[in-house]
Amino acid sequence: MRRLNVFIKGNVDVHDSLVYSQVGGEIQWNGLNVLLAERFPDVVARMHHEPCARWDRMGIEEEAIPAELAERGLNLGALTLERQFRSKMFERTTDVVVLSILSDVGNALLRHRTEGYSFCATTSDKWSDDDRRWVKERFALGARLTPEESMTNLARVVETIRARSKATILVYNMSSVVPGEQLESPLGLDDALSTRIRAYNLELVRFARDHAVLVVDVDSVVARAGADRLKLDTIHYLRDGYELIAREALRVLESAGLLDG
Amino acid sequence: MKDGVIHAVLVERGAKIVAGTPLLEVRLDLTSSAPQNCAPVTFFRIVSRESGWMRTSLPVPGTVVAVDAELAIVSHGENDPIDDVTRSLRITASAVTEL
């Protein structure tokens with residue numbers, strides 16, 4: 001049995017398509033290994049997943065966790081400080097790194113007003129009033145990144161990965177279909193998520209050309225098969241959606257020669 | 001989906017609105033139908049596509065509103081009678097990142 005070591009640094013799109021999708025406590029889709037068992041029974045993917053705050057807070061440059069932040073013990077959900085500042089990406093041999101534009105499309109970071117470091121908090125609604133006050137006194141919420149800024153950060157990420165690993169790098173784009181959207185005019189909606197996703201997808205095309213990363217074209221495969229039956233909301237898919245995306249990721253891995261005997 | 005929660009009110013009673021005026025943002029949470037680690041929550045902004053006057057207040061943030069519920073009344077003229085609502089306001093709606 002041959003092992004394909006896959007490090008997945010991303011959120012629901014990459015996790016639920018490649019590792020597993022669980023809804024209401026029940027496994028809906030069991031990930032890439034189901035497909036490998038069908039088509040490449042002598043290959044098994046050993047997957048390690050870490051959530052991703054944003055490409056400028058990946059934790060792959062092994063920064064120290066700021067002491068006052070660690071001591072405060074904020075509830076950060078799955079985006080723990082370890083995962084934001086001290087990724088395990090290079091602790092093991094990795095054949096494939098999978099990334100996604102999702103965290104950069106959606107997340108803004110909190111930046112320390114005097115120290116300058118930043119972190120991501122997507123669970124502030126679960127904090128105590130005291131924690132909220134503590135954060136507000138010390139941190140300011142930064143802007144979401146433009147696609148160009150995001151790709152500049154991705155270039156640094158790719159450079160760091162290539163300096164320490166021979167892994168093939170895959171990047172998921174996003175389906176721009178937003179269930180429920182009625183957007184015949186962009187007036188008042190310059191920041192519509194569907195428009196933002198399209199801009200990121202286009203910038204990722206340019207990035208892939210210049211930096212030789214491989215794109216898992218989620219936008220295209222979901223559009224071809226029908227977003228209305230595959231998507232729950234903007235970023236979540238139903239079981240068949242995750243399977244379809246995993247099949248596309250498998251196709252990309254195969255085309256890169258990673259599944260050759 | 002049966003309802004949403006008012007997340008932000010972006011225009012006040014008595015204000016003049018035009019095409020492109022953002023009116024409110026609504027938080028839609030599909031957790032009850034699809035509970036999962038990464039909660040399926042989306043924020044939608046509702047924007048007017050026509051001019052008029054906000055004659056009543058939108059529900060305050062935190063209010064749960066049903067699908068198709070009447071949220072406020074807009075009239076063509078500032079002082080038009082509002083006791084006989086004729087149609088829905090023409091709007092656009094799209095997901096946005098959280099304010």
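The structure is a predicted model, in which local features need pLDDT of at least 70 and side-chain atom pairs count only at pLDDT 80 or more, while totals for chains, interfaces and linings use all residues. Residues are numbered from 1 along each chain as its sequence is written, and chains are lettered from A and ligands numbered from 1 in the order in which they are written.

Chain A is taken up at its strand 1, residues 2-9. Helices (H or I, at least four residues) and strands (E, at least two) are DSSP runs, numbered from the N terminus; two strands pair if DSSP finds at least two bridges between them. Strand 1 of chain A pairs in the parallel sense with strand 4 of chain A (residues 43-50) over eight bridges, and A:R2 stands opposite A:V43 of that strand. Strand 1 of chain A also runs parallel to strand 5 of chain A (residues 96-100), to which three bridges join it; here A:F7 has A:V97 as its bridge partner.

Helix 8 of chain A, residues 193-211, contains A:R206. This residue counts as exposed because it has 12 C-beta neighbours inside 10 Å; the classes are buried for 20 or more other C-beta atoms within 10 Å of its own, exposed for 12 or fewer, and partly exposed in between, with C-beta atoms placed from the backbone. A:R206 and A:M151 are 55 residues apart in sequence, and their C-alpha atoms are 9.3 Å apart in space.

In chain B, strand 1 (residues 3-9) pairs in the antiparallel sense with strand 6 (residues 64-66) over three bridges, with B:D3 opposite B:A66. Strand 1 of chain B also pairs in the antiparallel sense with strand 3 (residues 22-29) over four bridges, where B:I6 has B:V26 as its bridge partner.

Three strands of chain B form an open antiparallel sheet in the order 2-5-7. Strand 2 (16-17) and strand 7 (74-75) stand at its edges with a single partner strand each, so one side of each is left without a neighbour in the sheet. Two bridges join strand 5 (residues 52-54) to strand 7, and B:W53 stands opposite B:S75.

Between the chains, 22 residues of chain B are in contact with 26 residues of chain A, contact meaning that the C-beta atoms of two residues, placed from the backbone, lie within 7 Å. On the chain B side, the elements giving two or more residues are strand 4 (41-48) and strand 8 (91-96); strand 8 gives the most, with five residues.
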